Structure formats: structure tokens, C-alpha cells
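Okay everyone, thanks for coming.

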Amino acid sequence: MTGLSRSFMILAILSALCGIVWGIAMAASQNHVLSPAHGHLNLLGWVSCALFAFYYHLTPHAAATGLARMHFVLTFVALVVLVPGIALAILDVTETLAKIGSLFFLTSMLVFAWLVIKPQPAQNDTTARKNAPA
């Protein structure tokens, strides 16, 4: 795994490690007030980013686009803003960061959806023959 797929996988692993440590800390303190933020870190950080990594690994032509790089940046910013934002919202400090982070993740997912759904570039005959089943 290289390039963008590796970047997404590293982000996924870092999210998982932070989520695990946070979960252990909540269990040790028996204070689970912030579990929704912890859950979002695991789901959006670990699970979503790992799925993005596998998709880009399997579709290198999609990973090579500027839109895919923008997807990574949007996802990274969303995680950094959304997860603490949810914690701050739960603690009744402010909901602003959670709202902003949610919009970043929505935008990230819309970009990803476009990359998956948009028409794929046509293959030339040589490439098509190489990929054809025997």
C-alpha cells in the first residue's frame, strides 16, 4: 500500500489507537460521558478511513486525482474538528466545532461518492485484453 491509500490507512490506525486509549481511559475512570465522541472517532476515523484506504488501493487511477487528495484533506480536517467538537458539545461548551466538523465530513463523503460513482476512464484495447478473464 502506497501513496494516498497508505495515508488513509495511517490515519485509520492512528484513529484506532487514539480510540482504544480513550476507551481504556473511560473504562478506568468509569466516566463514559464522552463515549459518543469516542464512537465517532472509531467509526469515522478507524472504519471509514480504512475503507477509503482499501478503495484507493484497489483503484489507483482514482487515488491519482487531485480530487482524491482533497478527499484526504477534508477527511483529516473533519476528524480533527469533529471529534473534539462532539466532546465540547456534550460538555455544553459549544456546538460550533461539531457543526463545522460535520459539514467537513459531509463534504468529504460527497467527494468520495463522486469519485466512486463518476464514469471511469475508458481502457484501451491492450489494457482491456490484459484484464479480461482467461
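So, in which kind of crossing does α4 pass α5, left-handed or right-handed? It's a left-handed crossing, and that term is used if the near helix is turned anticlockwise from the far one by less than a right angle, with clockwise being right-handed.

Quick housekeeping. This is a predicted model, where local features need pLDDT of at least 70 and side-chain atom pairs count only at pLDDT 80 or more, while totals for chains, interfaces and linings use all residues. Residues are numbered from 1 along each chain as its sequence is written, and side-chain values use heavy atoms, with hydrogens and water left out.

Helices here are DSSP runs (H or I, at least four residues), numbered from the N terminus. Back to our pair: α4 is residues 66-90, α5 is residues 96-117, and their axes come within 7 Å and cross at roughly 155 degrees. That's why we call α4 roughly antiparallel to α5; the word applies to angles over 145 degrees, while under 35 counts as roughly parallel. The axes are lines fitted to C-alpha atoms over the stretch in contact, and angles run from 0 to 180 degrees between N-to-C directions. The residues of the contact of α4 with α5 split into 19 nonpolar, 7 polar and no charged.

Next, α1 and α2. They pack at about 160 degrees with axes 8 Å apart, so α1 is roughly antiparallel to α2. The crossing is left-handed again, and the contact of α1 with α2 has 19 nonpolar, 9 polar and no charged residues.

What about α1 and α4? Their axes come within 10 Å and cross at roughly 10 degrees, so α1 is roughly parallel to α4. Here too, α1 passes α4 in a left-handed crossing.

Last stop, the surface. A nonpolar patch there includes Leu14, Trp46 and Leu51 among its members, with about 930 Å² of accessible area together. The elements giving two or more residues are α1 (3-29) and α2 (35-58). The largest share, 6 residues, comes from α1, and Leu14 sits in that helix.

Methods:
Parallel < 35°, antiparallel > 145°, perpendicular 65-115°, else oblique. Nonpolar A, V, L, I, M, F, W, Y, C, P; charged D, E, K, R; others polar. Patch = residues over 30% accessible without salt bridge, like charges linked within 9 Å, V, L, I, M, F, W, Y side chains within 5 Å. Areas by Shrake-Rupley, 256 points an atom, 1.4 Å probe, with all protein chains shown as cover. Salt bridge = Lys/Arg side-chain N within 4 Å of Asp/Glu carboxyl O.
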